[in-house]
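The structure comes first, then the notes.

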Amino acid sequence: MKNKSDVAYNLLEQLITFRELEPGTMVSESQLMKQTELGRTPIREALQKLAAEKMVEIHPRKGILIPLMSVEVQLKLLEVRRTLEEQAVRFAAHRSTVAQKEAMLQLAEQLLDETLYGNPKRYGETLKKVHRAVADSTQNEYLTMAILPLQGLSRRFWFAHIQSFNREFGIAGKLHAATLKAICHGDESKAAEASLAVNDYLTEFAYHTIRRFPGTAREYFQ
């Protein structure tokens, strides 16, 4: 069972990812306590973790800033994710346990379930589980610590700029499912290839955002 700090972290991350806490705004601990119906201690602990992951900025005596996120930031994140994720899936292809493979195959099927596409928050939680499952399967806690925050920030950008959930969820679902299945088959090369395909898609998605808003390279959530 998750402790209250974990619950607070997951709730706040979701509020930020789906812009229920607007980018560029300043919020207070009391506001977050009221919104999540959680106490001050779990909220503070969650905020410390989110601040370390660059999801929020804590300004003493002023409040908590929900930062903007530019296309440039997303592209820098994807540069780092590209290398880390390729290494992660290679490790996972050799190190994942039977139970982990079974869980990843179930997640692959969920990503291909079109009934999930109508519920962005559920899809987001599933994608988060995918990232966690692969990271845990590397059996390397340092790689897990490095990669999960980057993926969280990237998900935030992606969800904020999707124009057609059905289209993007369908594309991303197939790409991630291919990665998971390759890992489960122990095919290191195919897993790496599939992982790079995910990164290529996300990179093109980010550049497409610039093309949709010419002259606004520092595009932020609107």
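## Second largest cavity

H6, H7, H8 and H9 each give at least two residues to the lining of the second largest cavity. Helices here are DSSP runs (H or I, at least four residues) numbered from the N terminus. The model is predicted: local features need pLDDT of at least 70 and side-chain atom pairs count only at pLDDT 80 or more, while totals for chains, interfaces and linings use all residues. Residues are numbered from 1 along each chain as its sequence is written, and side-chain values use heavy atoms, with hydrogens and water left out.

This cavity has a volume of about 90 Å³, the volume being the space filled by probe spheres set on grid points joined across faces, edges and corners. A cavity is a set of points on a 1 Å grid over the protein atoms alone where a 1.4 Å probe fits but cannot get out, and lining residues have an atom within 4 Å of a point. Among the lining residues are Arg81, His131, Trp158 and Tyr201.

## Largest cavity

The largest cavity holds about 160 Å³ of space. Of its 14 lining residues, Glu85, Val89, His131, Val134 and Gln151 lie nearest the centre. H6 provides the largest share of the lining, four residues.

## Threonine 126

Threonine 126 belongs to helix H6 (residues 120-137). Its relative accessible area is 6%, so Threonine 126 counts as buried (under 20%, 1.4 Å probe, protein chains only). Leaving aside residues up to four places away in sequence, Threonine 126 touches Leu107, Gln110, Leu111 and Leu116 (heavy atoms within 4.5 Å).

How values were computed
Buried means under 20% relative accessible area, exposed over 50%, partly exposed in between (1.4 Å probe, protein chains only). On a 1 Å grid over the protein atoms alone, a cavity is a set of points where a 1.4 Å probe fits but cannot get out, and a pocket is an open set with protein on both sides within 12 Å along at least five of seven lines; lining residues have an atom within 4 Å of a point.
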